[in-house]
Amino acid sequence: MLDTTNTVVLRGDAARSFDRFADREEIARFAEAAGTFRAAELCGRKLFFDESEAAADRVIALREAADGLFRRAVLSSRLDTALLPPVLRAAASCLDGASEMIGGAEQPFGDPATPLRFETALGVSALSLLSGNEWRKIRICPNCNWLFVDRSRNASRLWCDMTVCGNRNKARRHYERSKATEVSHG
Ligand SMILES: [Zn+2]
């Protein structure tokens, strides 16, 4: 779910933000890629997107509602019930029209022999973040504003991706530190 909320790049930065799904063909490419980079979670089940306009609307509605709910939850460490109905309605419409047996011990996302509809995966994923205390593990990356789930043992993960945002920040801090040293020595 959160990979999908992050398809709005630099969300909150009005000047630089852009929506990867503005080109709706991108949704199918994203679904296919997600099947690969989330292969462990999906237990090897591939994802497909049917590329209809209605399906794209449902995906984008859930993406926006979930981003609103979870971003606010991170910032306030609480869930705002007023933001739940749009998420639940959007998740329900993403789950409509397909039947999948999920949650099996060996097959959490159903039978990997056939591909899974992207909308269904998204609906299941949104609801799973609301179950238990899973939403409490969501963080906002201080560099790129992405949402991610912190599954580290001591809940100390700071960056969405250490190799991207972590290193960029380290480089910046190093630069600022060396500038400060220059000034104090000058
Ligand atoms: Zn980041």
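**Zinc site and nonpolar cores in a predicted model**

Reader: What is said of the burial of Cys160 and Cys165 in this predicted model?

Author: Cys160 and Cys165 are both buried. The criterion for that word is a relative accessible area under 20%.

Reader: Which atoms are the protein donors of the zinc ion, and what makes them donors?

Author: The donors are the SG atoms of Cys141, Cys144, Cys160 and Cys165, lying 2.2 to 2.3 Å from the zinc ion. Along the chain their spacing is C-x2-C-x15-C-x4-C.

Reader: Why is the arrangement around the zinc ion called tetrahedral?

Author: The 4 donor atoms subtend angles of 104 to 118 degrees.

Reader: How do you know whether Ala56 is buried or exposed?

Author: Ala56 has 2% relative accessibility; buried means under 20%, so Ala56 counts as buried. Ala56 lies in helix H4, residues 53–76, and touches Arg24, Ile27 and Phe49, leaving out residues up to four places away in sequence.

Reader: Which residues have the most contacts inside the largest nonpolar core?

Author: They are Ile27, Leu47, Phe49, Leu62, Phe70, Phe118 and Ile138, in a core of 40 residues. Helix H4 supplies the largest share of this core, 10 residues. A second, separate core of 6 residues includes Cys141, Phe148, Trp159 and Cys165.

Reader: What does Phe118 contact beyond its neighbours within four places in sequence?

Author: Phe118 is in contact with Thr4, Ile27, Phe30, Ala31, Leu47, Phe48, Phe49 and Val59.

Methods. Residues numbered from 1 in each chain as written. Predicted model: local features only at pLDDT ≥ 70, side-chain atom pairs only at ≥ 80, totals over all residues. Heavy atoms only, no water. Donors = N, O, S within 2.8 Å, 3.2 Å for Na, K, Ca; no water. Tetrahedral: all angles 85-135°; square planar, octahedral: opposite > 155°, others 65-115°. Buried < 20%, exposed > 50% of the residue type's maximum accessible area, 1.4 Å probe, protein only. Helix = DSSP H or I, 4+ residues; strand = E, 2+ residues; numbered from the N terminus. Contact = heavy atoms within 4.5 Å. Core = buried A, V, L, I, M, F, W, Y, C linked by side-chain atoms within 4.5 Å.
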